[in-house]
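Reader: I would like to go through the terms used for this model and see what each one rests on. Please set every value against its cut-off.

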Amino acid sequence: MTADAPRLTSATITLFAVAVGLIVANLYYAQPLLPQIASAFHVSVGAAARLVTWTQLGYAAGLALIVPLGDSVNRRRLTLGLSALSVLGLLGVAAAPQFWLFALGSVLLGLTSVAAQVLVPFAASLADPQSRGKVVGTVMSGLLLGILLARTVSGLLAAWLGWRWVFVVAAAALTLLTAALWRRLPGGAPQSRLAYGKLLASVVRIVREEPILRRRSLYGLLGFAAFSVFWTSLAFLLSGPPYFYNEAAAGLFGLVGAVGALAASWAGRQADAGHGRRSTGMMALLITASFGLIWWGGNSLWALVLGVAVMDLGVQGLHITNQSEIYRLRPEARSRLTTVYLTSYFAGGVLGSALSSVAYVQLGWAGVCGLGALFGALVLLGWGLERARP
């Protein structure tokens with residue numbers, strides 16, 4: 001943190017954590033509702049599942065084209081503008097009369113929800129170097145809880161009010177958050193004065209010059225692919241035999257997955273202490289092993305619950321370790337580092353969700369679990385090759 005930077009207080013850190021959680025939740029409200037959305041618009045289960053892919057494609061585009069601006073414009077203004085547009089996106093999705101309009105609104109919502117990833121490097125830039133990993137871990141705890149609890153809130157609200165009201169309530173909550181951000185977010189001068197074209201071009205140069213960034217981006221892609229493989233198809237498993245759960249019960253599985261947030265602050269502290277490589281191997285092993293329990297969970301509720309907890313613990317711990325490591329590289333380019341890493345990360349989400357729907361249709365739950373385990377094993381392989389280097 002520079003001498004003229006605003007002081008990062010506990011209250012501000014908490015606001016950052018709440019904000020990123022509520023904003024990123026926009027990407028996940030629809031997941032436990034896919035069977036209901038398919039029925040409402042008279043489309044196939046496969047078509048409904050592709051909504052997840054379209055939303056993540058919008059998010060990936062925002063990561064590539066919008067997040068780098070955090071290095072060259074006022075991050076406060078950028079965050080507020082994106083948050084206000086997300087409110088409009090939520091209301092548009094809630095009111096969509098046709099499926100293609102719902103899909104278009106989902107893409108827009110994904111595009112504007114990158115406000116969460118403007119806030120993460122914002123918090124990292126305000127933090128002292130010796131506590132940066134801890135601050136990133138705390139903020140990311142909010143993001144991870146938003147990802148997972150979005151499903152719980154969505155399922156409960158849909159069972160009570162209907163699925164469209166999920167997005168109306170989310171729009172109201174995000175409006176209140178935008179007002180709080182307007183009042184409390186600190187200002188701060190941009191880190192770079194590069195023109196937009198040169199700013200985007202510099203991203204390619206950073207990728208070429210930073211092997212740690214390339215490696216951590218690959219780990220992120222594979223980890224989030226495993227995560228998306230599971231969560232994309234879970235609602236279909238739970239709506240059929242032997243469970244026959246409604247959307248509220250399916251959404252409650254987000255509470256199980258929230259245990260992954262426990263890994264965030266621990267992984268951040270490990271990175272601060274220089275143990276990022278060791279924790280990477282541990283998290284990769286957890287991801288891979290969890291899909292054995294998840295496969296068993298096709299017929300056993302307790303195995304499914306345990307597998308979800310272990311899988312999310314591994315995925316989120318790996319994610320925090322990755323981000324803590326890359327934020328050490330170039331203080332003046334943290335938004336661009338975020339762009340590279342998270343574009344790769346959510347490309348993994350697109351890949352995982354797209355392949356998950358195919359695996360479920362063609363091979364059932366065993367195919368989904370085998371695919372998730374494969375992605376975890378690839379992280380473990382990459383970590384092993386890294387350890388083998390002199």
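Reader: Why is E209 called partly exposed?

Author: The model is predicted, so a word on its basis comes with the answer. E209 has a relative accessibility of 39%, and partly exposed covers what lies between buried (under 20% relative accessible area) and exposed (over 50%), with a 1.4 Å probe and protein chains only. E209 therefore counts as partly exposed.

Reader: What are the ground rules for a predicted model?

Author: Local features need pLDDT of at least 70, and side-chain atom pairs count only at pLDDT 80 or more, while totals for chains, interfaces and linings use all residues. Residues are numbered from 1 along each chain as its sequence is written, and side-chain values use heavy atoms, with hydrogens and water left out.

Reader: What makes the pair E209 and R205 a salt bridge?

Author: The N to O distance between their side chains is 3.7 Å. A salt bridge needs a side-chain nitrogen of Lys or Arg within 4 Å of a carboxyl oxygen of Asp or Glu, so the pair qualifies. Both residues lie in helix α9, residues 196-209, four residues apart, about one turn of the helix. Helices here are DSSP runs of H or I with at least four residues, strands are runs of E with at least two, and both are numbered from the N terminus.

Reader: Why is R205 called partly exposed?

Author: The relative accessibility of R205 is 33%, which means that R205 counts as partly exposed.

Reader: Which residue forms a salt bridge with E210?

Author: R330 does, with the closest N and O atoms 2.9 Å apart. R330 is in the loop between α15 and α16 and E210 in the loop between α9 and α10, so the pair ties together parts that are 120 residues apart in sequence. Both R330 and E210 are buried. R205, E209, E210 and R330 are linked in a network of salt bridges.

Reader: How do you know that R215 and E386 form a salt bridge?

Author: Their closest N and O atoms are 3.4 Å apart, which is within the limit by definition. The pair links distant parts of the chain, with R215 in helix α10 and E386 in helix α16, 171 residues apart. R215 has a relative accessible area of 23% and is partly exposed, whereas E386, at 5%, counts as buried. The structure holds four salt bridges.

Reader: Why are α4 and α8 called roughly antiparallel?

Author: Two packed helices are described by the angle between their axes and the distance between the axes. The axes of α4 and α8 come within 8 Å and cross at roughly 165°. Axes are lines fitted to C-alpha atoms, for helices over the stretch in contact, and angles run from 0 to 180 degrees between N-to-C directions. Angles under 35 degrees count as roughly parallel, over 145 as roughly antiparallel, 65 to 115 as roughly perpendicular and the rest as oblique. The two helices are therefore roughly antiparallel to each other.

Reader: Why is S113 called buried?

Author: S113 has a relative accessible area of 0%, so S113 is buried. S113 is found in the loop between α5 and α6. Not counting residues up to four places away in sequence, S113 touches I23, N26, L27, Y59 and S86, where contact means heavy atoms within 4.5 Å. In the protein chain, buried residues make up 57% of the 390 residues.
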